Amino acid sequence: MGFNYRQERKRFEEQMQENEKKYRAAGMSDEQITAMHEYEEEQFRRKRTYKTHIVLEQSFEYPGLVEQEHSFDRHFDNIGTCLDTLLDNLVPGLSKKLTKQDKDILVYLSKGYSHSEIGQIFGLTQQAVSLHIAKVRKMLKMTL
């Protein structure tokens, strides 16, 4: 089942209003309440990301999808080790011109991760990931 953002956001806001009343009744300061709100906001975002991007194993709507996902991942398990060979077959010497991070980004891209997800994994912005990919494309275009 998908994540209905509006509905979940409305529930979250209602829960936050209730929590704020409880926090004030408990004698918490405004700074503490703000810190709690920021923490709960981050948890809400993580929950949304999880529900949006992760297929739950208990999914009755799409039986077999989890197994397909795992087999898909197994298909790409050794692509990191074969990437140098693949790149050199396309353009001789290309694997030596790319950094390890460029190659790692290509592996995650081949697994179907978005630019923003790859950025989160490597601690980069989406734009930085796009620049790495543009660098590889430019090298491929120059040599082909």
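A residue is called buried here when its relative accessible area is under 20%. The legends below describe close-up views of a predicted model.

**View 1. Helix 1 and its span.** Helix 1 covers residues 5–25, which amounts to 21 residues. From its first C-alpha to its last it reaches 30 Å, close to the 30 Å expected at 1.5 Å a residue. Just after helix 1 comes glycine 27, whose phi is positive, at about 90°.

**View 2. The buried and exposed sides of helix 1.** Glu8, Arg9, Phe12, Met16, Asn19 and Tyr23 are the buried residues of helix 1. Viewed down the helix axis, the buried residues of helix 1 fall within an arc of 90°, and they therefore line one face of the helix. On the face turned away from this buried side, helix 1 carries the exposed residues Arg6, Lys10, Gln17, Lys21 and Ala25.

**View 3. The aromatic pair of tyrosine 108 and tyrosine 113.** The structure holds 3 aromatic pairs. In the pair of tyrosine 108 and tyrosine 113, the ring centres are 5.2 Å apart and the ring planes stand at 80°, so the pair is edge-to-face, given that planes over 60 degrees apart count as such. Tyrosine 108 has a relative accessible area of 25% and is partly exposed, while tyrosine 113, at 34% relative accessibility, also counts as partly exposed.

Key:
Residues are numbered from 1 along each chain as its sequence is written. This is a predicted model: local features need pLDDT of at least 70, side-chain atom pairs count only at pLDDT 80 or more; totals for chains, interfaces and linings use all residues. Side-chain values use heavy atoms; hydrogens and water are left out. Rings of Phe, Tyr and Trp (its six-membered ring) pair if their centres lie within 6.5 Å; planes under 30 degrees apart count as stacked, over 60 as edge-to-face and the rest as tilted. Buried means under 20% relative accessible area, exposed over 50%, partly exposed in between (1.4 Å probe, protein chains only). Helices (H or I, at least four residues) and strands (E, at least two) are DSSP runs, numbered from the N terminus. The expected span of a helix is 1.5 Å times one less than its number of residues. The arc is that of the directions from the helix axis to the C-beta atoms.
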